[in-house]
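Notes follow in the order I took them.

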Amino acid sequence: MNPFFNISERIENADKIALNLCSEQFQLIDEITEYNQLKVQKAFIDNGISESHFVSSTGYGYGDRGRETLDKVWAQVFGAEDALVRHNFTCGTHTLATALFGVLRPNDKMLCVTGTPYDTIHNVIGISGEGMGSLKEFGIEYDEIPLKNDRLDYEAIEIAVDSSVTMVYIQRSRGYELRPSLSIAEIEKVCKIAKAKNPDVIVMVDNCYGEFVEKLEPTEVGTDLIAGSLIKNAGGGIATTGGYIAGKHKLVEKCAYRLTTPGLGKEVGATLNMNRELYMGLFYAPHTVGEAVKSAVYISALFEHFGYSVTPKYNEIRHDIVQSIGLENPESLVAFCQGIQSGSPIDSFVLPEPWDMPGYDSKVVMAAGAFTLGSSIELSADAPIREPYYAWIQGGLNFHSAKICAKLAAQKMEDKGLLK
């Protein structure tokens with residue numbers, strides 16, 4: 001029996017079965033983690049990182065070599081010409097919006113080839129949120145290509161991309177959808193199709209939840225611009241806020257002008273004692289992502305054993321850290337999230353309940369006991385209270401803490417007579 005938590009014999013036996021099922025995938029994850037860790041370590045060494053790079057700046061932040069060198073390290077790691085890594089990106093959506101507004105102009109056209117994007121970007125584009133200053137209100141046209149059987153429709157992409165399309169937009173992760181996340185190989189294929197039809201088109205990837213899950217990043221296979229959050233994969237559980245943009249130098253420069261002001265761009269921005277944690281977060285990121293992917297694989301195996309629909313399955317190759325579980329009814333969904341919360345190191349006593357969360361069109365229940373508020377690289381589980389009642393789980397700073405949370409989620413469901 002577990003010496004610290006009251007877990008039933010049935011769940012403990014299921015735990016052993018799940019661990020055995022995961023062993024082959026864990027070996028593959030360790031191989032990818034080591035590759036990415038060495039890639040990051042080499043970038044630190046090549047750029048001569050020292051304690052002097054952690055020194056803080058104030059005011060305008062002119063000449064902050066820590067900030068400037070961090071951009072170089074980031075660009076090298078992601079195989080990009082340039083990068084913009086800043087603590088004053090407030091979230092992933094803010095970072096993506098900065099990139100979109102930075103490079104798109106009135107009468108440009110944005111084409112999303114992965115169906116309707118994640119809920120929180122709708123107001124940015126203008127799919128919803130009249131009068132909020134969206135791309136639509138600035139005269140930027142938007143169109144999208146629906147997925148075909150939950151996969152990219154390459155034929156439709158080839159037809160749709162022409163000289164009128166300024167940007168091809170790709171959402172790598174699934175968001176609140178059950179479609180598979182995109183592999184680097186699939187992103188590369190989109191890049192080749194788009195560039196063949198329009199060599200000047202900008203291919204941009206929302207890279208949230210995908211960093212360091214594979215050996216390559218989108219900017220290494222033809223993508224012009226990527227963006228993501230530092231309280232997801234790329235911050236390694238160390239960064240407490242921030243985001244990054246990486247890609248072609250001219251595009252990153254435009255994004256910097258949008259973040260600050262034209263003419264100043266990357267030259268300003270006080271770092272306010274944040275440099276050290278941004279460097280350290282990047283250094284930890286490959287290992288932390290590996291732990292999160294192991295956690296997702298284990299949760300998939302455990303709940304598939306109990307008879308639930310899971311996607312991806314435990315033995316599928318992963319392209320992001322997100323795991324989905326079909327819990328079949330609102331009661332099981334809420335009990336699952338409450339069980340996850342009960343094992344969290346922070347706010348374990350909180351009882352998650354559905355609420356009207358800003359940016360979402362239905363009530364959401366969320367388990368998120370994290371050291372950093374809203375951090376998605378720390379174990380969290382959330383779900384819109386709508387059919388087919390799937391929970392989306394991501395993160396895990398270390399596998400063993402995530403594993404006990406998963407078992408407590410099953411235990412909470414069992415205690416309420418809901419576990420299949």
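This is a predicted model: local features need pLDDT of at least 70, side-chain atom pairs count only at pLDDT 80 or more; totals for chains, interfaces and linings use all residues.

**Entry: cavities**

I looked for cavities of 30 Å³ or more and got 2. I took the largest cavity to begin with. About 100 Å³ of space lies in it. I listed 13 lining residues for the largest cavity. I29, I32, V213, V293 and R318 lie nearest its centre.

Which element supplies the largest share of the lining of the largest cavity? I found α1, with 5 residues. I noted that α1 (9-46) and α8 (275-305) each supply at least two. Sorted by class, the lining of the largest cavity holds 9 nonpolar, 3 polar and 1 charged residues.

I then turned to the second largest cavity, with about 50 Å³ of space. I wrote down its lining: R67, V85, R86, H87, N88, G269, A270, T271, N275 and L278. Here β1 (82-86) and α8 each supply at least two residues. By class I got 3 nonpolar, 5 polar and 2 charged for the second largest cavity.

I moved on to the open spaces. How much space lies in the largest pocket? I read about 1,000 Å³. The largest pocket is lined by 44 residues, and M357, Y360, M366, G374 and S376 are the closest to its centre. The elements giving two or more residues to this lining are α3 (92-103), β4 (167-171), β11 (380-384) and β12 (390-394). I saw that α3 gives the most, with 3 residues. The lining of the largest pocket divides into 20 nonpolar, 18 polar and 6 charged.

The second largest pocket came next, at about 170 Å³. I counted 13 lining residues there, with P345, G369, L379, L397 and S401 nearest the centre. The lining of the second largest pocket splits into 6 nonpolar, 6 polar and 1 charged.

**Entry: surface patch**

Last, I checked the surface. I found a nonpolar patch formed by Y60, Y62 and L264. Together these residues have about 360 Å² of accessible area. I placed Y60 in the loop between α1 and α2 (65-77).

Is Y60 buried or exposed? I noted 59% relative accessibility for Y60, so Y60 counts as exposed, because the cut-off for exposed is over 50%.

Definitions and conventions
Residues are numbered from 1 along each chain as its sequence is written. Side-chain values use heavy atoms; hydrogens and water are left out. On a 1 Å grid over the protein atoms alone, a cavity is a set of points where a 1.4 Å probe fits but cannot get out, and a pocket is an open set with protein on both sides within 12 Å along at least five of seven lines; lining residues have an atom within 4 Å of a point. Grid points are joined across faces, edges and corners, and a volume is the space filled by probe spheres set on the points. Helices (H or I, at least four residues) and strands (E, at least two) are DSSP runs, numbered from the N terminus. Ala, Val, Leu, Ile, Met, Phe, Trp, Tyr, Cys and Pro count as nonpolar, Asp, Glu, Lys and Arg as charged, and the others, Gly among them, as polar. Patches are made of residues with over 30% relative accessible area and no salt bridge: like charges are joined within 9 Å, nonpolar side chains (Val, Leu, Ile, Met, Phe, Trp, Tyr) within 5 Å. Accessible areas come from the Shrake-Rupley method with a 1.4 Å probe; for residues, only the protein chains shown count as cover. A salt bridge is a side-chain nitrogen of Lys or Arg within 4 Å of a carboxyl oxygen of Asp or Glu. Buried means under 20% relative accessible area, exposed over 50%, partly exposed in between (1.4 Å probe, protein chains only).
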